[in-house]
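User: I am new to this structure and would like to go through how its features get their labels. Please set each value against its cut-off.

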Amino acid sequence: MRAIVMREFGGPDVLRLEDVPEPEPRAGHTPVDVTLAGVNFADMHVRDDSYLAPVQLPYIPGNEVVGTVDGGRRVVGLTRGGGYAERALLHRRVTWDVPDAITDEQAVALALQGNSAWHLLFTTLRITKGESVVVPAAAGGVGSLAVQLAAHAGARVIALAGSEEKRKLAMELGAHAAVDSTAQDLTERIVDAAGGPVQAALEMTGGATFARTLAAVAPRGRLAVYGFAGGELANVSTRELMERSLTLSGFWLPQLYADRTALPESMRALFEAVADGWLTPLTGATYALGEAARAHHDLAARTPTGKLALDVAR
């Protein structure tokens, strides 16, 4: 089968299209003929060896796929690598049938990014109606879904984005206000847009952006960290956390893979929200399988909006 293989860590050029053997059967797993493979920031961390879980080379990246099993039944699921390929293995616990009302492009946006947005907001931050919440990268995969989910729950969403076009999109998705994420006075802009310090915030950039976002959180507020896309980890003052009674949480979706109810429940809710019409996954660019390096380059540049995917048939 064709697959994208990493034989070394590094830049996008380490992603090479090769012919490799099909994955060997494993207990509890179902082989799937992949239609679309999602592209995520986590894949870039795998590629440059900064991912939370180490990988062993050679390695096929890709943590979510949509495809068919049993001669045509559509499924979407999560993997621990192996997704950038014509055939992959999905554990039964993190595989879901795709309803007829959901397209492949929508489904691939929900498995990793949709579930992440859902559990960041409702499991980790536990946002409630009337609270203000900061959502970074508001035109991206997780961010665009989080804006809609939080707004539908009655929260006042302060969206962060680096361009006027992306901020406009965030407003169209339901944000109360949209702020330039690159501004040096980001803290002041968030507080001004929210009408005061915010009760909750998501953070995935790291470095100075982390510090500026945390500074905008009200005493007894909460911040959930789910990445460091800027490449710089943040240092946290425990004194500041204690003085302001702040709750700081980390989030990594694979920690929920073994939970028998968390992901099935959120996946069902996400499917229903899309079918009902109030949640719209933003489908971004789709690349041929052999264009994985280009997809990584574009994602790093943050030029596209919405969900990026690889079409393995191309």
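Analyst: The largest share of the lining of the largest cavity, four residues, comes from β14. The model is a predicted one.

User: Which elements give two or more residues to that lining, and which residues line the largest cavity?

Analyst: The elements giving two or more residues are α2, β14 (283–288) and β15 (307–311). The lining itself is made of Leu-36, Glu-105, Val-108, Thr-283, Gly-284, Ala-285, Thr-286, Lys-307 and Ala-309.

User: What makes this space a cavity and not a pocket?

Analyst: The label cavity applies because a 1.4 Å probe fits at its points but cannot get out, whereas a pocket is an open set. The structure holds one cavity of 30 Å³ or more, and the space in the largest cavity is about 50 Å³.

User: How is the lining of the largest cavity divided by class?

Analyst: There are four nonpolar, three polar and two charged residues in the lining of the largest cavity.

User: Why are α2 and α8 called oblique to each other?

Analyst: The axes of helix α2 (residues 104–124) and helix α8 (residues 262–276) cross at roughly 120 degrees and come within 9 Å. Roughly perpendicular covers 65 to 115 degrees and roughly antiparallel is over 145, with the rest counted as oblique. The angle falls in the rest, and α2 and α8 are therefore oblique to each other.

User: What is the hand of this crossing, and which residues make the contact?

Analyst: α2 and α8 cross in a right-handed way. From α2 the contact takes Gln-106, Leu-110, Ala-111, Gly-114, Asn-115, Trp-118 and His-119, and from α8 it takes Ala-262, Leu-263, Ser-266, Met-267, Ala-269, Leu-270, Phe-271 and Val-274. By class, the residues of the contact of α2 with α8 are ten nonpolar, five polar and no charged.

User: Which residues of α3 take part in the contact with α2, and how does the contact divide by class?

Analyst: α3 contributes Gly-141, Val-142, Leu-145, Ala-146, Leu-149 and Ala-150. Residues on the α2 side include Ala-109, Gln-113, Trp-118 and Phe-122. The contact of α2 with α3 has twelve nonpolar, four polar and no charged residues.

User: What describes the packing of α5 and α6?

Analyst: Helix α5 (residues 186–194) and helix α6 (residues 207–215) have axes 8 Å apart and an angle of about 35 degrees. The crossing of α5 and α6 is right-handed. Leu-186, Thr-187 and Ile-190 in α5 meet Thr-209, Arg-212, Thr-213 and Ala-215 in α6. These residues divide into three nonpolar, three polar and one charged.

User: What is known of the second largest pocket?

Analyst: The second largest pocket holds about 630 Å³ of space. It has 26 lining residues, and the closest to its centre are Arg-26, Arg-80, Gly-81, Gly-82 and Leu-89. Strand β6 (residues 87–91) gives the most to this lining, with four residues. The lining of the second largest pocket has 15 nonpolar, five polar and six charged residues.

Terms used:
Residues numbered from 1 in each chain as written. Predicted model: local features only at pLDDT ≥ 70, side-chain atom pairs only at ≥ 80, totals over all residues. Heavy atoms only, no water. Axes fitted to C-alpha atoms, helices over the stretch in contact; angles between N-to-C directions. Parallel < 35°, antiparallel > 145°, perpendicular 65-115°, else oblique. Left-handed = near helix turned anticlockwise from the far one by under 90°. Contact = heavy atoms within 4.5 Å. Nonpolar A, V, L, I, M, F, W, Y, C, P; charged D, E, K, R; others polar. 1 Å grid on protein atoms, 1.4 Å probe; cavity = no way out; pocket = protein on both sides within 12 Å on 5 of 7 lines; lining within 4 Å. Points joined across faces, edges and corners; volume = space filled by probe spheres on them.
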